[in-house]
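Here's a quick briefing for anyone meeting this structure for the first time. Have a look at the sequence and the model, then read on.

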Amino acid sequence: MSKFIKSFLAGTLLTVGLAIADAVQASAAVVQSSATTMSATLTADNHYGLFTGNGDGSVLNFVGRNEKGPGGSPGTYNWSQAETWTFDINPGEYIYTVIWDDAAVAESWIGEFTLPDGTKLLSDPSSWEYIVAHGSNPGDWGDVPSNSELNTEIANAQWIGAQAVGLNGSGPWGTIAGISSNASFLNVSNPGSQHYTIFRTKYAPIAAAAVPESGSTLGLVAVGAVSVGSLVRRKSKIA
C-alpha cells in the first residue's frame, strides 16, 4: 500500500473519530429543560406546607398542606396518615417543606417524591437542608406562613444539613403508609419551639447521554472506504 493511501486512510479514521466525539459531546450536553410532573406523599408532626420555588425564595408556588387541628383525617392524629400531592416542577427549582409542631414532645416530617419514570427522592439527611425560621410557630389551628414572610426567611437563610430522627417505622410515629421504608423522619426545631422550620432540596435532573446513531458512523466509514476504493482503481488504471 502506498504512503499516499496510508495517509488517506489515517485521515479518514481521524475524521470519523472526531465526528463521533463531537456527536457524543453534543448529546451529553443536553439536559432536561421542560417541567416535570411529580407526586409527593408526606406528613409532619404536626403540620406542613408544601411549595416549589426558586433559590432565593422570591418565587414560591403553594402546593398544599395537611389538616388543621390535632386530629387526623382519617387517622387518629394529624400526622398519622400522609397526603399525596401532584405538581409540576422545572429543573433548577427547589421543593420546600415548611414544618411546624404543637410545641410539645416530638416533631418531625417524612416524605417520598416520585417522578413519572419511577425515580424517587426521599426525605433523607443527605438530600435536604434546612433553617429554623424567625417567624412564629402557627400552632395547630394556624395558617401556613405567607409567601412574603417565607420570601424574607429564604432570602436571608443560612442553610445547614438536615438531621434524621430515624427511618420510617421508628417511634413514636411507627410506619407511615405510602412512604418508603428508606425514608427518614427529619428533625425540625427543638421541642417546645416557638418557630417553624423550612426544608428544601433542589430538583436537578440529568438527562442520559445519547449515543450517536450507528448509521451516521457507518456512513462516514463508507464514504472513506469508497474514496479509498476510487483512488486504488484510479491508480491501477494509471499504472
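How many aromatic pairs does the count come to? The count comes to 9 aromatic pairs, and a couple of them are worth a visit below. Keep in mind that this is a predicted model. The protein has 3 helices and 12 strands, and buried residues make up 40% of its 239 residues.

**Aromatic pairs**

- Start with Tyr96 and Trp159: their ring centres sit 6.4 Å apart with the planes at 45°, so the pair is tilted.
- That pair links distant parts of the chain, with Tyr96 in strand S5 and Trp159 in the loop between helix H2 (147-155) and S9, 63 residues apart.
- Tyr96 and Trp159 are both buried.
- Trp109 and Phe199 make an edge-to-face pair, at 5.7 Å centre to centre and with 65° between the planes.
- Here, too, distant parts of the chain are linked: Trp109 belongs to strand S6 and Phe199 to strand S12 (residues 195-202), 90 residues apart.
- Trp109 and Phe199 are both buried.
- Ring pairs also tie Trp109, Phe113, Trp128, Tyr130 and Phe199 together into a cluster.

**Nonpolar cores**

- In soluble globular proteins, nonpolar side chains tend to be buried together.
- The largest nonpolar core in this model has 20 residues, and those with the most contacts inside it are Met38, Leu50, Trp109, Phe113, Trp128 and Phe199.
- Strand S1 (36-45), S2, strand S4 (83-89), S5 and strand S6 (108-114) are the elements that give two or more residues to this core.
- S1 supplies the largest share of this core, 4 residues.
- There's also a second, separate core of 15 residues, and Phe51, Leu60, Val144 and Tyr196 are among them.

- Strand S2 (residues 47-53) is mostly covered, with 7 of its 7 residues buried.
- His47, Gly49, Phe51 and Gly53 point one way from S2, while Tyr48, Leu50 and Thr52 point the other way.
- S2 pairs with strand S5 (residues 94-100) in the antiparallel sense over 7 bridges.
- Across that pairing, Phe51 has Tyr96 as its bridge partner, and Leu50 has Thr97.
- S2 also pairs with strand S3 (residues 60-65), again in the antiparallel sense, over 5 bridges.
- Gly49 stands opposite Arg65 in S3.
- The hairpin of S2 and S3 has 6 residues between the strands, and Gly57 takes a positive phi near 80° there.

**The sheet**

- These strands belong to an open sheet of 6 strands in the order S3-S2-S5-S12-S8-S9, with antiparallel pairing.
- S3 and strand S9 (160-161) are the edge strands, so named because each pairs on one side only.

**Overall contacts and surface**

- Among contacts between residues at least 6 apart in sequence, 75% join residues at least 24 apart.
- The accessible surface of the protein comes to about 12400 Å², and 58% of this belongs to carbon and sulfur atoms.

- The average pLDDT is 80, and 71% of the residues score at least 70.
- Over residues 23-31 the pLDDT stays under 50, and the model has 8 contacts beyond four places in sequence for them.
- Residues 208-239 are also below 50 in pLDDT, with 21 contacts in the model beyond near neighbours in sequence.
- Where pLDDT is low, the predicted coordinates should not be read in detail.

Key:
Residues are numbered from 1 along each chain as its sequence is written. Side-chain values use heavy atoms; hydrogens and water are left out. Buried means under 20% relative accessible area, exposed over 50%, partly exposed in between (1.4 Å probe, protein chains only). Contact means heavy atoms within 4.5 Å. Accessible areas come from the Shrake-Rupley method with a 1.4 Å probe; for residues, only the protein chains shown count as cover. Two strands pair if DSSP finds at least two bridges between them. A nonpolar core is a set of buried Ala, Val, Leu, Ile, Met, Phe, Trp, Tyr and Cys residues joined through side-chain atoms within 4.5 Å. pLDDT is the predictor's confidence in each residue, from 0 to 100. Rings of Phe, Tyr and Trp (its six-membered ring) pair if their centres lie within 6.5 Å; planes under 30 degrees apart count as stacked, over 60 as edge-to-face and the rest as tilted.
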